[in-house]
Protein chains: 2
Amino acid sequence: MTSLTEIGQLAKEAEVTVRNLSTNMKNQALAATARILTEHAEQILQANEVDIRIAKENHMKEGLVDRLLLTKERIEAMAEGLQQIIALDDPVGEVLQMKQRPNGLMIGQKRVPLGVIGIIYESRPNVTADAFGLCFKTGNAVILRGGSDAIHSNMAIVRLIRQALQQCQLPEDAIQLIEDTSRETAAALMKLNQYVDVLIPRGGAGLIRTVVENSTVPVIETGTGNCHIYVDETADLDMAVRIVVNAKTQRIGVCNACESLIVHETIVQEFMPRLAQAIKENGKPVEIRGDEKVRNALLDAVEAAEEDWGREYLDYILSAKTVPDIETAIAHINCYNTGHSESIVTSDYQNAQKFLNEIDAAAVYVNASTRFTDGFEFGFGAEIGISTQKLHARGPMGLLALTTTKYIIYGNGQIRE
Amino acid sequence: MTSLTEIGQLAKEAEVTVRNLSTNMKNQALAATARILTEHAEQILQANEVDIRIAKENHMKEGLVDRLLLTKERIEAMAEGLQQIIALDDPVGEVLQMKQRPNGLMIGQKRVPLGVIGIIYESRPNVTADAFGLCFKTGNAVILRGGSDAIHSNMAIVRLIRQALQQCQLPEDAIQLIEDTSRETAAALMKLNQYVDVLIPRGGAGLIRTVVENSTVPVIETGTGNCHIYVDETADLDMAVRIVVNAKTQRIGVCNACESLIVHETIVQEFMPRLAQAIKENGKPVEIRGDEKVRNALLDAVEAAEEDWGREYLDYILSAKTVPDIETAIAHINCYNTGHSESIVTSDYQNAQKFLNEIDAAAVYVNASTRFTDGFEFGFGAEIGISTQKLHARGPMGLLALTTTKYIIYGNGQIRE
């Protein structure tokens, strides 16, 4: 097995080639990758079956098994993601804002690759192809450290991608998977400053905290999502029901699912039974953990504990709290949220604007499901993760988040007086 | 003395007010600050005299004393810096790229303040006013932790700024100085994640390394500068002499000063004596530490050790190395540089483009002095530091580097299919 230092060296070497490839060359390699993933989907599905079997033997929770599961459709979605990346403009090489200074210096800002990107992630094997596509299109090499749960799926996907690169006479080390999924290799990757320019953790709160606290490589923190929907007293209740049911149940294992409902107390008696009815008709039962007013409105709601307000369930569970006004709703959300996605359902102009202005999160919605916080839905062609930090990138990260800039300055002998 | 936790709390409270101020209010406060700093310059100069006296008693190096020294002119430059910030557009509130998605969602990216910014810096007391001006204009609160060398100067400047804020009925805690300059308070600030959104270290290599390695608060790494000038075989040698003399001697205590000269071996015999002559006429003697070919061309050059290639002298010392071709020059620079500023002097089109493309640094120059890497010279109105990292901001950082964005999304009931 290749050592981590070797992996770092190989990535740096590959990166020198990859950063100088033309957009055409990069697109050809991505097309070859999409083709080979689709043609050999069976190899991936077989590997994924092993992962799923082990997961079920280990009694993995349903939301997590859903994250891990690959189907023919999801593999096609991977290939489609790569096609979308091909169709996107290559941001590398663009010169922004070149201006002439009074002394005649021409100063421009040129977009360049970050270099070598490390990604530490958990269950979802579709991350593997997405991450490669985005990193490669932007001229970066990538070192992947997936979770042990998905190791068979990841190895199958990476093997196919490397075959595609080889077919194109490109350095296959532009993508490398760390096959040793022990904690030690993850810890070592976090200190690999000599070779790794940025580290992106994707997964649960525990993983992300570990990386943020232990990495000396610069980190982009990505998101756990305790996403809220606030149903204002002026809300269209039919719309609110549709949005909450969608945000809670459309896919439970994802970070942009709704975990917490806030309801204005004047409408709680009318709203909660309608929500419960819609959930029933939807066929996916949801446990509602509510405060006293919620429980009065909905007798089969269970009592919420203080800790429920801060939880990301990734399950068919929803906490529900009543508030006397929008100020309380905003204060509650800004206290308990994880800086991911928050939505208000309202018909009131001032409340819509107030919510947009005062909520501190990566994505703030009016009258829409939180499930849209996603690189595809935002039109980026794919996403490398959803940043919940404020530096460098915030929200869904597409191609631009994987680049940096350098200033290029054309002079004709200028010196500083 | 206020505890660090209290300082953090006060900053967070002030920030809620500051982030919502109109541009007009912020500009009025900055104008009041500029006025009060100029009117009471004498208070700052008296405090600075104490710092300078102590520095000289402690045999501080000349380059560092220069960084510490304030004069009436430098205080006027501080006030002028604030006036330039007033004149700049306020980036906060701008909505970038609002687009309608196929499902009708309107998705825009809104520029918002970072929050509370911590700055850990060393000698230069003019940083105090600059940092406040830039952080305040962008709606942030700032916690300053200056060095013990400049503590009297910094206390005088911060006292005056807080007076200005008070006069404008604004929260004076939008700027706070940590008066305890022990290592312990700096270490505690690096872990103050609850209150501090980003930490910017400004100072020597040791300080920056300490912050990068110990901070759990996200860091923007700013720059030590081992800046190179490569004199190509096709260079206009008169221009090259002017640029090297300027970059080395115009101000030695700054990170964009030239520390290392690379000369094509075919011109070294002609170039070095002309450079030495110009340095002599300039009246500021420079010790040149060269390789063998440099010493053959310039008999009073001393022998360079391997470690000289990587040093930031901040002094009248210049390392000098010969190379057989531009590839060797680029490889040498990419190996030893600190990612700050590098310049080529050349008349060759291909070499100019090659240098711009292949050098990995925040600012890459053709035919100009490295001394221009600076927020004022780049037209940002001021600077909060020069980032030598690749995330978030690279190169001189002005207003934009002190903001983040959030996505705001206007819907009318959209749910995800």
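User: In which helix of chain A does Asn154(A) lie?

Analyst: In this predicted model, Asn154(A) belongs to helix H7 of chain A, which covers residues 151-167.

User: What makes Asn154(A) count as buried or exposed?

Analyst: The relative accessible area of Asn154(A) is 0%. Buried means under 20%, so Asn154(A) is buried.

User: Which residues does Asn154(A) touch, not counting residues up to four places away in sequence?

Analyst: With contact taken as heavy atoms within 4.5 Å, Asn154(A) touches Tyr121(A), Pro125(A), Thr128(A), Gly146(A), Gly147(A) and Leu177(A).

User: Why is Tyr410(B) called partly exposed?

Analyst: Tyr410(B), located in strand E16 (residues 403-414) of chain B, has 31% relative accessibility. Partly exposed applies between the limits of under 20% for buried and over 50% for exposed, and therefore Tyr410(B) counts as partly exposed.

User: Which residues make the nonpolar surface patch of about 220 Å²?

Analyst: Tyr410(B) makes that patch together with Val95(B) and Met98(B). A patch residue needs over 30% relative accessible area, and Tyr410(B) has 31%.

User: What relates chain B to chain A?

Analyst: A rotation of 180° with 0.0 Å of shift along its axis superposes chain B on chain A, with an RMSD of 0.0 Å. This is therefore the relation of a two-fold axis. In chain B, the C-alpha of His392(B) is the one nearest the axis, 1.8 Å from it.

User: How do you know that the copies meet through the same surface?

Analyst: Of the interface residues of chain B, 100% are also interface residues in chain A, so the copies meet through the same surface.

Notes: Residues numbered from 1 in each chain as written. Chains lettered and ligands numbered in written order. Predicted model: local features only at pLDDT ≥ 70, side-chain atom pairs only at ≥ 80, totals over all residues. Heavy atoms only, no water. Least-squares fit on C-alpha atoms with pLDDT ≥ 70 in both. Patch = residues over 30% accessible without salt bridge, like charges linked within 9 Å, V, L, I, M, F, W, Y side chains within 5 Å. Areas by Shrake-Rupley, 256 points an atom, 1.4 Å probe, with all protein chains shown as cover. Salt bridge = Lys/Arg side-chain N within 4 Å of Asp/Glu carboxyl O. Helix = DSSP H or I, 4+ residues; strand = E, 2+ residues; numbered from the N terminus. Buried < 20%, exposed > 50% of the residue type's maximum accessible area, 1.4 Å probe, protein only.
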